[in-house]
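Try each task before reading its solution.

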Amino acid sequence: MAAFLLWCILFVLCWPIALFAVVLFPIVWLILLPFRLVGLAVHGVFAFLAALVFLPARLLRGPRAI
C-alpha cells in the first residue's frame with residue numbers, strides 16, 4: 001500500500017518517471033527472480049546443515065523437551 005501511495009505521489013509530481021517505473025518494474029522483477037530462487041535454495045541448505053548439527057543434542061534431550 002505504501003509503494004502505491006509513493007507511486008501516486010511520483011505520478012503527480014513527475015508522470016513520465018512514474019510511467020517509466022511502471023514499465024520497468026516487471027523487467028527488474030524478472031531479472032531478480034533467479035537471485036531469489038538461489039537465495040531460497042541456499043537458505044534451505046543452511047537449514048538442513050543446522051538440523052544435522054543440532055540433531056545429536058535434540059536426541060540427547062529426550063522426548064520430554066517436545
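The exercises below concern a predicted model, and each comes with a worked solution.

**Exercise 1.** Find how helix H1 and helix H2 are oriented where they pack, and classify the angle.

*Solution.* Start with the elements: H1 covers residues 2-13 and H2 covers residues 15-61. Next, take their axes, which lie 6 Å apart at an angle of about 140°. Angles over 145 degrees would count as roughly antiparallel, and 65 to 115 as roughly perpendicular.

**Exercise 2.** Which residues of H1 and H2 meet, and how do they divide by type?

*Solution.* On the H1 side, look for Trp7, Leu10, Phe11 and Leu13. Their partners in H2 are Trp15, Ile17, Ala18, Leu19 and Val22. Sorting the residues of this contact gives 9 nonpolar, no polar and no charged.

**Exercise 3.** Work out how the rings of Phe4, Trp7 and Phe11 are arranged.

*Solution.* The count of aromatic pairs is 2. For Phe4 and Trp7, the ring centres are 6.4 Å apart and the planes meet at 20°, so this pair is stacked. Trp7 and Phe11 are also a stacked pair, with 5.2 Å from centre to centre and 25° between the planes. Now place them along H1: Phe4 and Trp7 are 3 residues apart, about one helical turn, while Trp7 and Phe11 are 4 residues apart, again about one helical turn. Together, Phe4, Trp7 and Phe11 make one aromatic cluster.

**Exercise 4.** Are Trp7 and Phe11 buried, partly exposed or exposed?

*Solution.* Trp7 has 26%, so Trp7 is partly exposed. Phe11 has 36% and is partly exposed too.

Note on methods: Residues numbered from 1 in each chain as written. Predicted model: local features only at pLDDT ≥ 70, side-chain atom pairs only at ≥ 80, totals over all residues. Heavy atoms only, no water. Axes fitted to C-alpha atoms, helices over the stretch in contact; angles between N-to-C directions. Helix = DSSP H or I, 4+ residues; strand = E, 2+ residues; numbered from the N terminus. Parallel < 35°, antiparallel > 145°, perpendicular 65-115°, else oblique. Contact = heavy atoms within 4.5 Å. Nonpolar A, V, L, I, M, F, W, Y, C, P; charged D, E, K, R; others polar. Phe/Tyr/Trp six-rings, centres within 6.5 Å; stacked < 30°, edge-to-face > 60°. Buried < 20%, exposed > 50% of the residue type's maximum accessible area, 1.4 Å probe, protein only.
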